[in-house]
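Take a look at the fold below.

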Amino acid sequence: MDESARAAVLAQRLAGILGPEFAALVAATSPGHAIGTLLAARGAEPVARELGMSVDDLLSQVPRR
């Protein structure tokens, strides 16, 4: 799975947890941008905890562009 596909899957999981506001951000921008915005606002550790992931696993799925 390439970087953009991993970001899309992660964004879909986050939208299921965070609801329609996050889904709207993904639709208005891109999965990678929406995830980056979320991580900047909340921090990687709380987001990883919500997903049941380690921070390293979470960050490995975020596009680096």
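In this predicted model, the axes of α2 and α3 come within 7 Å. They cross at roughly 130°. The crossing is right-handed.

Which residues make the contact between α2 and α3? From α2 come F22, L25 and V26. From α3 come P31, A34, I35, T37 and L38. Sorted by class, seven of the contact residues are nonpolar and one is polar. No charged residue takes part.

Now turn to the core. In soluble globular proteins, nonpolar side chains tend to be buried together. Here the largest nonpolar core has 17 residues. Those that touch the most other members are L10, L14, F22, I35, V47, L51 and L58. Four helices each supply at least two residues of this core: α1 (3–18), α2 (20–28), α3 (31–42) and α4 (44–51). The largest share comes from α1, with five residues. F22 and I35 also belong to the contact of α2 with α3.

Set aside its neighbours within four places in sequence, and V47 is in contact with L14, L38, L39, R42 and L58. L38 is also one of the residues through which α3 meets α2.

Next comes A48, in helix α4. Is A48 buried or exposed? Its relative accessible area is 1%. Buried means under 20%, so A48 is buried. Beyond its neighbours within four places in sequence, A48 is in contact with M53, S54, V55 and L58. Take L58 from that list. A48 and L58 are 10 residues apart in sequence, and their C-alpha atoms are 6.0 Å apart in space. L58 is in contact with V47 as well.

Finish with S4, in helix α1. Its relative accessibility is 45%. How many residues separate S4 from P31 in sequence? The gap is 27 residues, yet the two are 7.8 Å apart in space, C-alpha to C-alpha. P31 is one of the α3 residues in the contact with α2.

Notes. Residues numbered from 1 in each chain as written. Predicted model: local features only at pLDDT ≥ 70, side-chain atom pairs only at ≥ 80, totals over all residues. Heavy atoms only, no water. Core = buried A, V, L, I, M, F, W, Y, C linked by side-chain atoms within 4.5 Å. Buried < 20%, exposed > 50% of the residue type's maximum accessible area, 1.4 Å probe, protein only. Contact = heavy atoms within 4.5 Å. Axes fitted to C-alpha atoms, helices over the stretch in contact; angles between N-to-C directions. Left-handed = near helix turned anticlockwise from the far one by under 90°. Nonpolar A, V, L, I, M, F, W, Y, C, P; charged D, E, K, R; others polar.
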